[in-house]
Amino acid sequence: MLNRDDIRKSADLLSGASRILVFCHANPDGDAMGSLLGMTLLLEGAYPEKTVLTICKDEAPDTLQFLTGAERVTHEPQVRDGDVLIFLDSAEPKLTGLHESHPDLFSESTQSINIDHHPTNTNFARINMVDPDAASACEIVVEIADVLDWQLTPDIATALLTGVYTDTGGLLHSNTSVAVYRTVARLLRAGAHQQEIVKHVFRTAELSTLKLWGRVLEKISITEEGGAVSAVTKGDFAATGADHTALTGAIDYLNAVPGMRFSMILSERDGKVKGSIRTLRDDVDVAEMASKFDGGGHKKAAGFALPGRLKSEVRWKVVEDEQTT
Ligand SMILES: [Mn+2]
């Protein structure tokens with residue numbers, strides 16, 4: 001839950017704005033794009049006389065181009081006196097990718113509002129509405145909209161539901177709280193196009209991605225410690241045409257093997273071997289495993305990078321000739 005005073009103060013700041021600039025983090029995911037576009041459209045409804053600019057360092061990925069307003073995202077902000085800035089889903093200035101080229105976005109004198117759910121948020125703005133209990137930034141945007149009586153249209157609800165879905169892995173991750181289900185109900189009632197999101201975000205994959213996943217799945221081996229491990233070489237990336245971003249999600253399939261303590265994918269990237277480790281179990285700490293290789297992360301998701309390349313280990317054993325007679 002947010003502090004109501006902060007919500008009211010934000011509304012006061014926005015009422016006095018000459019223009020409103022809305023930002024999300026670079027390499028936008030569903031929550032970044034959903035909250036960016038949802039907030040843009042909400043502001044246009046609440047302040048029809050004001051100019052609202054929608055800014056992200058990078059273009060929305062293809063899977064999110066179906067969202068209303070995706071085409072209006074610009075990449076180079078120009079801040080003027082009187083502007084009010086809103087930052088979404090960004091734990092710190094550098095995640096916008098604009099902190100070096102546009103330090104004025106984060107100066108003391110800038111009128112800014114920071115809306116986020118990362119516990120690591122550095123409270124870098126004038127008003128900071130950070131709720132680590134929220135599963136997504138979109139969930140917080142819905143709360144703000146309802147407190148301020150901003151109108152949720154079907155397009156807005158679709159954008160915001162996209163973030164709620166993607167940051168909870170389609171309502172499957174352990175952060176899927178009662179508040180998440182309540183937010184989903186609120187957005188569906190507002191007319192969110194749930195099946196559009198399922199189609200574009202969850203039931204879509206590039207052919208190159210599927211081919212890379214095929215290689216990952218084919219090469220799974222089970223270790224003596226109860227790990228499901230697979231590896232992706234430079235050759236696999238080259239042969240399938242997929243890049244490392246296509247690996248996102250593949251590791252969940254490795255963890256699907258019954259009885260596994262953890263899963264790990266090793267991949268070759270820029271002269272290094274990257275390891276991603278995940279577990280679904282409470283009695284396994286993959287951050288500790290990663291720390292043995294100078295890596296780190298969370299208890300359930302961690303990673304490391306070591307210089308070198310992958311070499312496949314083939315185990316041979318001698319077997320008797322088959323009798324052909
Ligand atoms: Mn998020």
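At what angle do the axes of H2 and helix H4 (residues 154-167) cross? They cross at roughly 160°, and the two axes come within 8 Å. Axes here are lines fitted to C-alpha atoms, for helices over the stretch in contact, and angles run from 0 to 180 degrees between N-to-C directions. That makes H2 roughly antiparallel to H4; angles over 145 degrees count as roughly antiparallel, under 35 as roughly parallel, 65 to 115 as roughly perpendicular and the rest as oblique.

Before going further, the ground rules. This is a predicted model, where local features need pLDDT of at least 70, side-chain atom pairs count only at pLDDT 80 or more, and totals for chains, interfaces and linings use all residues. Residues are numbered from 1 along each chain as its sequence is written. Helices (H or I, at least four residues) and strands (E, at least two) are DSSP runs, numbered from the N terminus.

Back to H2 and H4. The crossing is left-handed, that is, the near helix is turned anticlockwise from the far one by less than a right angle; clockwise would be right-handed. On the H2 side the contact residues include Gly30, Asp31, Gly34 and Leu41, and on the H4 side they include Ile156, Ala159, Gly163 and Tyr165. Contact means that C-beta atoms, placed from the backbone, lie within 7 Å. The contact of H2 with H4 divides into seven nonpolar, seven polar and three charged residues. Ala, Val, Leu, Ile, Met, Phe, Trp, Tyr, Cys and Pro count as nonpolar, Asp, Glu, Lys and Arg as charged, and the others, Gly among them, as polar.

Helix H2 (residues 30-46) also meets helix H3 (residues 137-147), with axes that come within 8 Å and cross at roughly 20°. H2 and H3 are therefore roughly parallel to each other, and their crossing is left-handed. H2 contributes Asp31, Gly34, Ser35, Gly38, Met39 and Leu42, while H3 contributes Ala137, Cys138, Val141 and Ala145. By class, that is six nonpolar, three polar and one charged.

Now the sheet. What is the strand order in the open sheet of five strands? The order is E2-E1-E3-E4-E5, with parallel pairing; two strands pair if DSSP finds at least two bridges between them. Strand E2 (51-55) and strand E5 (127-130) are the edges, each with a single partner strand, so one side of each has no neighbour in the sheet. On average, neighbouring strands are turned by 15° against each other, direction ignored.

Take E3. Strand E1 (residues 19-24) and strand E3 (residues 84-88) run parallel and are joined by five bridges. Leu21 has Leu85 as its bridge partner in E3, and Phe23 stands opposite Phe87. E3 also pairs with E4 in the parallel sense, over five bridges, and Ile86 has Ile113 as its partner in E4.

Is E3 buried or exposed? Five of its five residues are buried, so E3 is largely enclosed by the rest of the structure. Buried means 20 or more other C-beta atoms within 10 Å of a residue's own, exposed means 12 or fewer, and partly exposed is in between, with C-beta atoms placed from the backbone. Val84, Ile86 and Leu88 point one way from E3, and Leu85 and Phe87 the other way.

Finally, the whole protein: it has 10 helices and 11 strands, and buried residues make up 37% of its 325 residues.

Technical notes
Two residues are in contact if their C-beta atoms, placed from the backbone, lie within 7 Å.
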